[in-house]
Protein chains: 2
Amino acid sequence: MAQAKKLVEAITPMEEDFSRWYTDVVKKAELIEYSSVKGCMILRPNGYAIWENVQKELDRMFKETGVENVYMPMFIPESLLQKEKDHVEGFAPEVAWVTQGGLEPLAERLCVRPTSETLFCDFYSNIIQSYRDLPKLYNQWCSVVRWEKTTRPFLRSTEFLWQEGHTAHATAEDAEERTIQMLDIYAEFCEKFLAIPMVKGKKTDKEKFAGAESTYTIEALMHDGKALQSGTSHNFGDGFAKAFDIQYTDKENKLQYVHQTSWGLSTRIIGAIIMVHGDDSGLVLPPMIAPVQVMVVPIAQHKEGVLEAAAKIKAGLAGVRVALDDSDKSPGWKFSEQEIRGIPLRIEIGPKDMEAGQAVIVRRDTREKITVSLDSIAAKTLEVMETMQNEMLERARKHRDEHTFSAVTYEEFKDTIANRPGFVKAMWCGEETCELKIKEDTTATSRCMPFEEENISDTCVCCGKPAKTMVYWGKAY
Amino acid sequence: MAQAKKLVEAITPMEEDFSRWYTDVVKKAELIEYSSVKGCMILRPNGYAIWENVQKELDRMFKETGVENVYMPMFIPESLLQKEKDHVEGFAPEVAWVTQGGLEPLAERLCVRPTSETLFCDFYSNIIQSYRDLPKLYNQWCSVVRWEKTTRPFLRSTEFLWQEGHTAHATAEDAEERTIQMLDIYAEFCEKFLAIPMVKGKKTDKEKFAGAESTYTIEALMHDGKALQSGTSHNFGDGFAKAFDIQYTDKENKLQYVHQTSWGLSTRIIGAIIMVHGDDSGLVLPPMIAPVQVMVVPIAQHKEGVLEAAAKIKAGLAGVRVALDDSDKSPGWKFSEQEIRGIPLRIEIGPKDMEAGQAVIVRRDTREKITVSLDSIAAKTLEVMETMQNEMLERARKHRDEHTFSAVTYEEFKDTIANRPGFVKAMWCGEETCELKIKEDTTATSRCMPFEEENISDTCVCCGKPAKTMVYWGKAY
């Protein structure tokens with residue numbers, strides 16, 4: 001038990017240093033390992049298995065709306081990247097360049113994709129001819145590279161895994177509808193599977209994606225009161241179509257430009273899971289996304305029948321992702337390891353339990369111990385997982401709501417940002433100058449103009465001119 | 001129907017030009033599209049969906065043996081690539097080099113992974129300390145890049161998708177066992193799901209992987225009599241462990257080097273599916289791997305009740321990957337499209353069928369038409385798919401066996417290679433000089449030393465010296 005205690009003590013308490021707590025958790029839960037390539041991390045089995053579950057559920061949700069998967073090259077010729085002016089300005093400063101292939105220098109250098117709009121546009125210009133070819137609803141699961149100066153596991157790394165959907169539509173209305181539909185899917189997925197409530201809204205022009213007409217976002221609040229942009233969906237209008245000449249003949253035989261969207265969600269979302277649900281003992285995984293949902297731990301496993309009883313519990317949990325820890329470690333050590341890894345439930349069974357025909361279910365989040373008869377353990381396990389999932393979402397929502405403030409005057413705004421970690425709802429005139437001043441004065445940025453607006457006041461919190469819209473402001477990762 | 005005929009005629013007949021037939025099929029079946037990046041192809045939905053099914057089944061088979069998935073960086077620092085001498089010699093001439101990140105030139109250039117042995121070794125040297133940490137059974141699904149001068153869709157492209165497994169073991173025996181185990185999984189997967197029989201064997205030293213102690217392979221025979229290396233499994237012994245200093249303390253507290261393996265299978269396997277099963281009308285997909293197994297086609301769909309009856313058939317095929325083509329194309333056009341795409345079964349239903357309470361199942365491979373009552377259509381569909389899957393494997397095996405020859409003398413050998421496309425079984429002395437001479441004289445290479453040996457003669461087919469082993473020889477992709 002002394003050793004087990006040491007295992008947990010290796011995690012810096014949240015209150016002491018949230019940032020160190022975070023890196024301790026990703027390392028101790030064996031989610032990642034640093035690699036010898038600057039800014040690139042290794043996703044270890046515990047980390048990658050979370051991503052596999054994210055992929056599985058999101059991919060299913062995408063396909064239910066008609067999306068098909070493809071795979072595009074990882075390289076983009078420089079001339080292709082340069083075709084859309086705003087886009088290249090946004091990305092060129094942070095891409096990696098391949099200049100040599102085999103033993104020869106390349107005639108034209110290639111960038112490693114930071115995102116694939118230009119490749120999809122080039123592809124679409126070749127395969128879209130008629131209105132019958134629309135819509136195109138393509139997605140790919142891949143990694144992208146952005147040359148970042150400072151990196152943090154999951155939140156910002158040179159290479160990261162994501163999905164990027166790219167669609168082409170006949171009309172502006174169809175494109176806008178798809179943009180919102182995918183944002184809704186992201187939000188629904190995060191709430192249902194990750195137990196993370198999202199604020200849905202639109203980015204200001206300053207914060208939108210390079211080349212987009214409008215960018216929509218889902219924003220989550222982390223335990224330390226900082227915001228995390230967790231997924232984005234962009235409507236490009238016909239800007240890329242004009243730059244790449246993607247035209248189709250409509251039913252009246254007239255040439256029309258397509259309207260496009262793109263939308264992406266990355267391994268960054270694992271950072272959100274950690275920072276929304278984790279505690280001082282480590283990771284806490286929502287049951288719906290946990291690679292291992294239940295760990296069965298035999299107590300005094302050398303005693304006759306204990307291992308068999310534990311194995312029987314495991315075998316009885318049909319449809320549950322369950323494992324049995326029958327290693328020669330002490331139970332205390334096993335408990336600590338599983339806590340660090342965030343396994344939602346553990347089921348303990350020892351000789352005394354066996355005598356009483358029962359076992360003990362322990363919840364990772366509340367540490368509640370539930371004694372349950374062996375007859376009803378399968379049903380009870382499912383019930384406890386469901387309760388835990390729901391309560392995790394409710395706790396996250398409560399935390400977010402308790403850390404969402406309003407400000408009418410600029411003094412109030414600055415004071416809130418400085419002293420009360422969280423979102424601040426405040427009105428805005430629509431001018432970038434106010435966004436810049438707020439960032440300069442407080443380091444907070446506009447997170448989004450929410451779909452659910454409120455009228456906090458009639459004037460911009462910064463300049464006092466008439467307000468156009470409400471904005472969620474906050475410090476962000 | 002004239003248009004439908006044109007659709008099929010666009011495919012060059014196999015006998016006329018096998019190579020053009022192949023590229024016509026990959027293009028017309030919409031498996032791939034060429035991209036603006038030299039040597040890189042776009043996997044379109046029809047092609048990527050096959051890969052998704054390959055992934056799903058293989059990944060399940062891997063995990064059943066304890067394999068876990070991870071994700072490693074796509075970049076390898078030059079100094080890391082150089083740590084194992086044979087390995088770097090094999091790969092350095094064909095890698096892409098990143099020399100600039102963002103606006104800065106890099107201090108050390110990075111290669112885009114051609115394979116990830118060096119990254120896994122670096123990782124293992126950090127995380128393996130004790131015998132308790134072994135074995136490590138990691139795999140990743142990713143893309144790799146090899147700067148190829150001439151490329152062909154699926155068979156050889158600059159970037160391709162694959163899985164690469166990398167394991168570390170306490171003993172040489174464990175490593176050898178895992179190497180063979182994974183080869184067996186590949187062969188089993190190809191036979192069961194792809195209906196492709198494989199010759200399992202060991203590569204000669206000349207043909208083995210750069211840095212491996214031994215390489216095992218599965219070799220398939222294509223319709224034109226050429227061989228295709230379809231998956232490989234390598235035993236590295238402790239060579240990489242010594243180069244990267246991967247040591248563990250054993251139970252006696254002594255330092256030992258680990259023993260390692262790696263094994264990979266790529267999108268190349270889609271090329272094998274095309275070239276083993278395809279015909280002059282296009283692709284023929286084995287039901288077990290087909291993204292769409294059954295396409296329901298309404299005949300005279302404007303007539304009352306036809307579309308409803310077709311939809312009812314679709315709804316009744318539980319557990320089958322079924323689609324309904326209710327587009328406004330003619331039935332003949334639909335048939336041709338589905339033939340090109342290789343959809344295993346189509347079910348036709350029209351007004352006359354409805355009157356008779358029946359539908360017609362048509363097999364893609366034999367074009368056999370099976371009239372079946374609507375009551376039993378679900379059971380019959382499953383039965384026909386199973387028969388088709390089995391018969392496709394048997395046909396492929398028969399084709400291979402009929403195109404597998406033996407040769408005792410060198411004249412016989414050269415004559416067979418020149419005039420009878422297929423494998424040639426012949427004895428070999430074990431000297432690389434004979435392999436080189438055979439390649440020079442015939443363009444054939446040693447495909448493998450099969451696990452199932454036969455004693456064709458006592459002397460090397462090339463030099464006449466005493467034979468050491470039997471070899472499968474052949475021209476190869």
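This is a predicted model: local features need pLDDT of at least 70, side-chain atom pairs count only at pLDDT 80 or more; totals for chains, interfaces and linings use all residues.

Reader: Why is the pair E52(B) and K63(A) called a salt bridge, and where do the two residues lie?

Author: The closest N and O atoms of E52(B) and K63(A) are 3.0 Å apart, and the pair therefore meets the definition. It crosses between chains: E52(B) belongs to helix 3 (residues 45-64) of chain B, and K63(A) to helix 3 (residues 45-64) of chain A. Helices (H or I, at least four residues) and strands (E, at least two) are DSSP runs, numbered from the N terminus.

Reader: How do you know which residues belong to the contact of chain B and chain A, and how much area do the chains bury?

Author: Contact means heavy atoms within 4.5 Å; 50 residues from chain B and 50 residues from chain A take part. The two chains bury about 4,400 Å² between them, with 62% of it on carbon and sulfur atoms. Buried area is the accessible area (1.4 Å probe) that two parts lose on being put together, summed over both. P45(B), Y71(B) and W147(B) supply 14% of the area that chain B buries against chain A, more than any other three residues.

Reader: What makes strand 5 of chain A and strand 5 of chain B a pair?

Author: Two strands pair if DSSP finds at least two bridges between them. Strand 5 (residues 96-101) of chain A and strand 5 of chain B share five bridges in the antiparallel sense, and therefore qualify. Within this pairing, V98(A) has V98(B) as its bridge partner.

Reader: Why are strand 3 and strand 20 of chain A said to stand at the edges?

Author: In chain A, 11 strands form an open sheet of mixed pairing, in the order 3-7-8-14-11-10-9-22-23-21-20. Strand 3 (68-69) and strand 20 (404-406) each have a single partner strand, so one side of each is left without a neighbour in the sheet. Strand 3 of chain A runs parallel to strand 7 (residues 136-145) of chain A, and two bridges join them. E68(A) stands opposite Y138(A) in strand 7 of chain A.

Reader: How do you know that chain A is as compact as a globular protein of its length?

Author: Chain A comprises 15 helices and 23 strands. Its radius of gyration is 25 Å, close to the 23 Å that the globule rule gives for 477 residues, so chain A is as compact as a globular protein of that length. The radius is taken over C-alpha atoms, and the globule rule is 2.2 Å times the number of residues to the power 0.38.

Reader: What is the peptide bond that joins L134(A) and P135(A), and where does P135(A) lie?

Author: The bond is cis, with omega about -5°. P135(A) lies in the loop between helix 6 (117-127) and strand 7 of chain A. In chain B, the peptide bond from L134(B) to P135(B) is cis, with omega near -5°.

Key. Residues are numbered from 1 along each chain as its sequence is written. Chains are lettered from A and ligands numbered from 1 in the order in which they are written. Side-chain values use heavy atoms; hydrogens and water are left out. A salt bridge is a side-chain nitrogen of Lys or Arg within 4 Å of a carboxyl oxygen of Asp or Glu.
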